[in-house]
Amino acid sequence: MRIAICDDEVAVLSSLSDFINKTYRDINLLTEQYSSGETLIRAIEKQGMSYDLLFLDIEMDDIDGIQVAKKVHALLEDMYIVFITSHDEFAMTGYEVSAFRFLTKPIQPQKLIEAITAVKKELLNKKTIHVESKNKEAVLKVKDILYIEAQDKNVKIVQQKQSYYDRNRIDFYTHLLGPNDFYRVHRSYLINLRYIKFIDNLDILMVNGDSIPVSRLRKKQFDEAFHTYMKRTAR
């Protein structure tokens, strides 16, 4: 996920960026800071920067957040904007530019996590993959994948009620899906952490009843990754 933070208060920029990077160490994340709306717009317009999520202060000196939002939305219409404000009355104006959420200063960590989690969910709901095996093709929603199993030179992609096969190797999907709450627990298995039902030492029971082995060499790192995931998602 690519996140931009735009605020003319240096302390806010630093604290938000540090908290996000510390909290989301288990996913592929990039955060960049902008101290003015003008520098943000210039980075998008002139340098081709692109973001999934923007934390944007409404009350800035050079150009206010509403005007910044209008300009960046014209350039990146699929980007989610979360407004930061010191005064609740500014929140209503944010709806003019389709604000996703609002955070009030001082920002509560849990509210920040909830906003990022909601955007991650929105992005994941949109993400699809194209699979192809023999003469069959399908477009699958990533959020519906329970796990992927390596089988010779192909992979088996398992959903709740149906499985698909694809010609790409499991390494390809590890790189592609790793940032989306998937974890490689074994050289032959890439699992979706959200569909774990139970863990018994080196065995993982998925919600569909399938049992997935955990490599002894990967067990410690997996436990750490799953603990971080559970803490972040508060399941």
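Begin by selecting helix H2 (residues 37-45) together with helix H3 (residues 65-75), whose axes come within 10 Å and cross at roughly 5°. Because of that angle, H2 is roughly parallel to H3. Keep in mind throughout the tour that this is a predicted model.

Next, show the side chains where these two helices touch: from H2, select Gly37, Leu40, Ile41, Ile44 and Glu45, and from H3, select Val68, Lys71, Val72 and Leu75, which they meet. Coloured by class, the contact of H2 with H3 has six nonpolar, one polar and two charged residues.

Now move to helix H6 (residues 170-177) and select Ile170, Tyr173 and Leu177, the buried residues of this helix. They lie on the same side of H6, because they cover an arc of only 60° around the axis. An α-helix has 3.6 residues a turn, so residues three or four places apart point the same way. Turn the view to the face of H6 directed away from the buried side, and there you will find the exposed residues Asp171 and His175.

For the last stop, select Gln159, which is found in the loop between S9 and S10. Is Gln159 buried or exposed? Gln159 counts as buried, because its relative accessible area is 14%, and buried means under 20%. Leaving aside neighbours within four places in sequence, display the residues in contact with Gln159, namely Leu140, Lys141, Asp144, Ile145, Leu146, Tyr164 and Asn208.

Methods: Residues are numbered from 1 along each chain as its sequence is written. This is a predicted model: local features need pLDDT of at least 70, side-chain atom pairs count only at pLDDT 80 or more; totals for chains, interfaces and linings use all residues. Side-chain values use heavy atoms; hydrogens and water are left out. Axes are lines fitted to C-alpha atoms, for helices over the stretch in contact, and angles run from 0 to 180 degrees between N-to-C directions. Helices (H or I, at least four residues) and strands (E, at least two) are DSSP runs, numbered from the N terminus. Angles under 35 degrees count as roughly parallel, over 145 as roughly antiparallel, 65 to 115 as roughly perpendicular and the rest as oblique. Contact means heavy atoms within 4.5 Å. Ala, Val, Leu, Ile, Met, Phe, Trp, Tyr, Cys and Pro count as nonpolar, Asp, Glu, Lys and Arg as charged, and the others, Gly among them, as polar. Buried means under 20% relative accessible area, exposed over 50%, partly exposed in between (1.4 Å probe, protein chains only). The arc is that of the directions from the helix axis to the C-beta atoms.
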